[in-house]
Amino acid sequence: MSRDLDGRAEAEVGRSEARFRQLADAMPQIVWTARPDGYLDYFNRRWFEYTGISKAETYSPDGWKHVLHPEDAQTCLDQWYGAVR
């Protein structure tokens, strides 16, 4: 019984994530999510359209940081990592 319940819960999580991605991709705004450690783990389609950065580059360790203006980068990173801490 427990395995069946676990399987159904896992399937529902998968359906929920699929609905989230569909909704996020339909939005005209950039949407991203981050893990508690600060790693950005999801970017919607608008991100890729706006930045022109590939998925491989975006998901590299510092990929998203390439879109920051050089004059703003350090302040942005300091604030981001401060919020993560």
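**Aromatic and charged side-chain contacts in the predicted model**

Lys 55 is positioned over the face of Phe 48, 5.9 Å from the ring centre, where a charge sits over a ring if NZ of Lys or CZ of Arg is within 6 Å of the ring centre and within 35 degrees of the ring normal. The structure is a predicted model, in which local features need pLDDT of at least 70 and side-chain atom pairs count only at pLDDT 80 or more, while totals for chains, interfaces and linings use all residues. Residues are numbered from 1 along each chain as its sequence is written, and side-chain values use heavy atoms, with hydrogens and water left out.

Phe 48 also belongs to one aromatic cluster together with Phe 43, Trp 47 and Tyr 59. The structure holds six aromatic pairs, a pair being two rings of Phe, Tyr or Trp (its six-membered ring) whose centres lie within 6.5 Å, with planes under 30 degrees apart counted as stacked, over 60 as edge-to-face and the rest as tilted. One of these joins Phe 43 and Trp 47 in a tilted arrangement, at 4.8 Å centre to centre and with 40° between the planes. Phe 43 is buried at 4% relative accessibility, and Trp 47 is likewise buried, with a relative accessible area of 7%; here buried means under 20% relative accessible area, exposed over 50%, and partly exposed in between (1.4 Å probe, protein chains only). Tyr 59 is partly exposed, at 29% relative accessibility.

Six salt bridges are found in a search of the whole structure, a salt bridge being a side-chain nitrogen of Lys or Arg within 4 Å of a carboxyl oxygen of Asp or Glu. Among them, Glu 12 and Arg 15 are joined with their closest N and O atoms 3.0 Å apart; because these residues are three apart in helix H1 (residues 2-26), about one helical turn separates them. Glu 12 is partly exposed, with a relative accessible area of 34%, as is Arg 15, at 44%. Also in helix H1, Glu 17 and Arg 21 lie four residues apart, about one turn of the helix, and form a salt bridge with a closest N to O distance of 2.8 Å. Both are partly exposed, Glu 17 at 39% relative accessibility and Arg 21 at 33%. In helix H2 (residues 45-51), Arg 46 and Glu 49 are three residues apart, and their side chains meet in a salt bridge of 3.2 Å, N to O. Glu 49 is exposed, with a relative accessible area of 52%. Salt bridges that share partners join Glu 12, Arg 15 and Arg 19 into one network.

The protein chain has four helices and two strands (DSSP runs numbered from the N terminus, with H or I of at least four residues for helices and E of at least two for strands), and its elements run α-β-β-α-α-α from the N terminus on. Of the 85 residues of the chain, 21% count as buried. The C-alpha atoms fill a box of roughly 55 × 30 × 20 Å, taken along the principal axes.
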